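Subject: Structure handover

Hello,

Please find the structure below, with the sequence. My notes on what was found in it follow.

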Amino acid sequence: MAQPGRVGSSRLTRRQLIMKVLIAGGHGKIALLLARQLSAAGHQAYNLVRNADHAPELRATGAEPVLFDLERGSADDLGPVLADVDAVVFAAGAGPGSGLERKYSVDLGGSVLLADACRAAGVRAFVQISTIGAGEPPAAGSDEVWAAYLDAKTKAEDDLRARDLDWTIVRPGRLTDDPGTGRVRLENAPAAPGSVPRADVAAVITELLINPAPGRTLVLTGGDVPVGAAVAALRREQIG
């Protein structure tokens, strides 16, 4: 397993048009799907994980595991890993069952740490996977952990928007494990809620990495527009 500063000797050069993407939260469901899709498209994913036991599963997707703990490491520690990376994806989250404190240490603190490391390493492309509902107060009667989760995601978004990076924020709707459809609804926030398969989230992130639409906060739900066309429409809107 690659350690910070040792991403691996098999990395290809930019001249070969292979994109190298670092994925934080590398053992999550979306991250695994994303690594597989990037690998299938001929790119290289480096998935950050804190548990070395996950390495075989990651390698099965085509990703190279990198052992790093976002809650205990530093931006300086992560710097060598980013030395030859083209883009990063923040897909980390404290996950179901975690307490209030970890919503802030992972969902907010991890994003801040990664953005700090990108700034120091000169990596500009940063895609943050947030959540629908970020940027708004929690619904009346929400429990304190859910409220903390939305608050952490909102603050992570705000931190990223304030940075001189080529950032894109994606707020997926309610996530499902249904097979991907390849068709989505991708809109500037705010937008109507809905659900979306994790596989389609990964497909949209892959497309945004290959054909960036920076400076946007996007809501992603299931829809009728092919993923490539949805991202292309955003790019036309940006250029026009």
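Predicted model: local features only at pLDDT ≥ 70, side-chain atom pairs only at ≥ 80, totals over all residues.

Leu 34 belongs to helix α1, which covers residues 29–40. Not counting residues up to four places away in sequence, Leu 34 touches Ile 23, Val 89, Ala 202, Ile 205 and Thr 206. Between the C-alpha atoms of Leu 34 and Glu 64 there are 13 Å, and the two residues are 30 places apart along the chain.

Ser 39 is also a residue of helix α1. Is Ser 39 buried or partly exposed? Its relative accessibility is 24%, so Ser 39 counts as partly exposed; the cut-off for buried is under 20%. With residues up to four places away in sequence left out, Ser 39 touches Thr 61, Gly 62 and Ala 63. Ser 39 and Gly 122 are separated by 83 residues in sequence and by 24 Å in space, C-alpha to C-alpha.

Next, helix α5

This helix runs over residues 144–161, and Glu 157 is part of it. Glu 157 is buried, at a relative accessible area of 1%. What does the side chain of Glu 157 make a polar contact with? The partner is the side chain of Ser 130, at 2.6 Å.

The structure holds one aromatic pair. Trp 146 and Tyr 149 form this pair, with 5.2 Å from centre to centre and 35° between the planes, and the arrangement is tilted. Both residues are in helix α5, and because they are three residues apart there, about one helical turn separates them. Trp 146 is partly exposed, at 39% relative accessibility. Tyr 149 has a relative accessible area of 19% and is buried, since the cut-off for buried is under 20%.

Helix α4, residues 100–121, packs with α5 at an angle of about 10°, and the axes of the two helices are 8 Å apart. The angle therefore makes α4 roughly parallel to α5. On the α4 side, the contact is made by Leu 100, Lys 103, Tyr 104, Asp 107, Leu 108, Ser 111, Val 112 and Ala 115. On the α5 side, the residues are Glu 144, Val 145, Ala 148, Tyr 149, Asp 151, Ala 152, Lys 153, Lys 155, Ala 156 and Asp 159. Sorted by type, the residues of this contact are ten nonpolar, one polar and seven charged. Tyr 149 is thus named both in this contact and in the aromatic pair.

Ala 140 lies in the loop between β5 (125–129) and α5. Ala 140 is exposed, with 83% relative accessible area. From Ala 140 to Ala 35 the C-alpha distance is 37 Å, and the two are 105 residues apart in sequence.

Arg 216 is in strand β10, which spans residues 216–222. Arg 216 is buried, its relative accessible area being 8%. Its side chain makes a polar contact with the side chain of Asn 188 at 3.0 Å. The side chain of Arg 216 also reaches the backbone oxygen of Leu 234, at 3.3 Å. When residues up to four places away in sequence are not counted, Arg 216 touches Asn 188 and Leu 234 as well as Trp 167, Thr 168, Ile 169, Glu 237 and Gln 238.

Most peptide bonds are trans. The bond joining Ala 189 and Pro 190 is a cis peptide bond, with omega about 0°. Pro 190 sits in the loop between β8 (183–188) and β9 (195–197).

Phe 68 is found in the loop between β3 (64–67) and α3 (75–78). Phe 68 counts as buried, at 7% relative accessibility. Phe 68 and Leu 208 are 140 residues apart along the chain, and 25 Å separate their C-alpha atoms.

Regards

Methods:
Residues numbered from 1 in each chain as written. Heavy atoms only, no water. Helix = DSSP H or I, 4+ residues; strand = E, 2+ residues; numbered from the N terminus. Buried < 20%, exposed > 50% of the residue type's maximum accessible area, 1.4 Å probe, protein only. Polar contact = N/O pair within 3.5 Å; in protein donor to acceptor, adjacent residues only side chain to side chain. Phe/Tyr/Trp six-rings, centres within 6.5 Å; stacked < 30°, edge-to-face > 60°. Axes fitted to C-alpha atoms, helices over the stretch in contact; angles between N-to-C directions. Parallel < 35°, antiparallel > 145°, perpendicular 65-115°, else oblique. Contact = heavy atoms within 4.5 Å. Nonpolar A, V, L, I, M, F, W, Y, C, P; charged D, E, K, R; others polar.
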